[in-house]
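Thank you all for coming, and please have the sequence and the model open while I talk.

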Amino acid sequence: GGDPCRLSRPSVVPPPSTVQDQNHGSIETPSIRRKTTVRVDASTRTRSERQAHRTVRAKRKHARYDMKRWEVGFRALAAVRNGAGKELLQPTKHKLPAAFGGARAAAVPTWKEFATQARDSTAEAGEPNAPAMHPGLKRSMAADTYFLAQPMYSKEELDIKLAHRPPKGLRDKTAFTLVQTMRKLFDQFTGYKPQQHMTEAHWIRRCLFLETVAGVPGMVAGMLRHMESLRRMKRDNGWIHTLLEEAENERMHLLTFMEIRQGGPLFRLVVLGAQGVFFNLFFLSYVLSPKICHRFVGYLEEEAVRTYTHLLHDIDSGVLPDFMNRKVPDVALKYWQLPETATMRDVVEVIRADEACHSHVNHTFASMKKSDKNPFNKHPVVPKDDFTRPPEGVSLQD
């Protein structure tokens with residue numbers, strides 16, 4: 001009654017035998033055997049078959065290796081949570097990790113549970129605003145802030161004397177001329193008069209505008225060296241971290257002065273335009289000649305040291321009593337790790353020391369090759385007599 005053209009697989013395969021057919025007599029049916037895997041000699045395989053075999057073996061090997069890595073990782077999390085010793089961090093045999101339903105699933109925390117526990121333990125320690133710990137760190141190893149570096153100065157290091165590096169060659173003269181041109185325009189915009197005392201409003205406006213510009217070079221230079229390191233697949237020899245620390249340091253100067261006074265709409269508009277122009281010009285200039293750019297920043301920071309020295313003179317002269325009696329912003333106390341009894345004069349002193357340090361670093365970078373190793377550590381020490389002088393033992397390329 002079915003369709004004669006439709007073929008269906010029989011549910012039971014008959015054994016090899018002779019079946020009687022009504023129309024054609026006897027027909028011998030072929031035998032259907034179960035398919036079995038036969039080990040083939042490697043010498044008889046084709047090149048593509050050998051390659052496929054090697055690929056399968058490699059995948060199996062990597063799967064076993066990944067399983068081992070998962071096991072070690074989850075054991076490390078358990079060690080941090082339970083406060084166990086280093087023995088829990090040692091790799092074991094290939095066991096099913098707890099995240100995949102192993103027997104140790106109850107002892108291993110999930111990422112959400114671990115972050116919650118780290119945040120709760122931070123709050124119990126009296127630090128509710130501190131960031132949660134990295135899974136590989138203990139509280140004693142983790143920093144309580146997001147700062148890249150926190151400069152600390154002794155009384156001797158705060159005694160900064162004015163210094164100037166005479167221009168040598170075309171690069172230095174070009175950088176110095178650009179800085180002097182910017183200085184004149186900047187003085188006119190902020191109403192700065194080097195030979196006269198200034199009011200608190202004039203000083204805050206000048207410092208705010210100065211720091212919005214001074215925070216650009218370190219970030220641009222660090223970004224470009226970072227991209228070059230990725231593009232060329234080579235190490236940067238430590239320059240990136242120092243340049244990013246400089247950019248963050250200048251931004252902390254800005255945040256400190258913003259706690260005293262906020263810029264108005266017109267001031268913010270001017271800052272927006274100046275930052276847009278200066279960022280793009282410095283970006284292109286650093287691509288063409290990093291030495292000129294670092295020398296430019298070195299001379300720019302020399303002018304910043306002069307500006308903050310003038311500010312300290314006005315404070316000591318008693319013409320800024322309200323500024324002297326202001327409370328030091330909390331961000332300044334935390335960043336420079338100042339005592340609670342610190343005054344605004346102390347803040348200006350550490351800011352001037354930061355600017356001298358930036359001039360010292362950039363003058364040194366301008367006299368080095370791009371491929372040279374960074375000679376500075378986390379906190380460069382500025383020479384007492386001349387902060388523009390490079391550190392000893394550095395090979396210069398002037």
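This is a predicted model: local features need pLDDT of at least 70, side-chain atom pairs count only at pLDDT 80 or more; totals for chains, interfaces and linings use all residues.

Let me begin with a list of residues: P217, G218, A221, L243, E246, F282, Y286, H294, V297 and N362 line the second largest cavity. Residues are numbered from 1 along each chain as its sequence is written, and side-chain values use heavy atoms, with hydrogens and water left out.

What do I mean by a cavity? On a 1 Å grid over the protein atoms alone, a cavity is a set of points where a 1.4 Å probe fits but cannot get out, whereas a pocket is an open set with protein on both sides within 12 Å along at least five of seven lines, and lining residues have an atom within 4 Å of a point. Grid points are joined across faces, edges and corners, and a volume is the space filled by probe spheres set on the points.

Helix 5 (216-232), helix 6 (239-258), helix 7 (265-288) and helix 8 (290-317) each supply at least two residues of its lining, where helices are DSSP runs (H or I, at least four residues) numbered from the N terminus. Helix 5 provides the largest share, three residues. By class, this lining has six nonpolar, three polar and one charged, counting Ala, Val, Leu, Ile, Met, Phe, Trp, Tyr, Cys and Pro as nonpolar, Asp, Glu, Lys and Arg as charged, and the others, Gly among them, as polar.

Now to the largest pocket, which has a volume of about 680 Å³. It is lined by 28 residues, of which L178, M182, V213, F278 and F296 are the closest to its centre. Which helix gives the most to this lining? Helix 3 does, with nine residues, and the lining as a whole divides into 20 nonpolar, five polar and three charged residues.

Let us turn to the packing of helices. Two packed helices are described by the angle between their axes and the distance between the axes; here axes are lines fitted to C-alpha atoms, for helices over the stretch in contact, and angles run from 0 to 180 degrees between N-to-C directions.

Helix 6 and helix 8 pack at about 30°, with axes 15 Å apart, and they are therefore roughly parallel to each other; angles under 35 degrees count as roughly parallel, over 145 as roughly antiparallel, 65 to 115 as roughly perpendicular and the rest as oblique. On the helix 6 side the contact (heavy atoms within 4.5 Å) is made by W239, L243, E246, E250 and F257, and on the helix 8 side by H294, V297, E301 and Y308.

Helix 3 and helix 8 pack at about 40°, with axes 8 Å apart, and are therefore oblique to each other. Their contact divides into nine nonpolar, two polar and six charged residues.

Finally, helix 8 and helix 11 (residues 344-366) pack at about 160°, with axes 8 Å apart, which makes helix 8 roughly antiparallel to helix 11. By class, this contact has 13 nonpolar, seven polar and nine charged residues.
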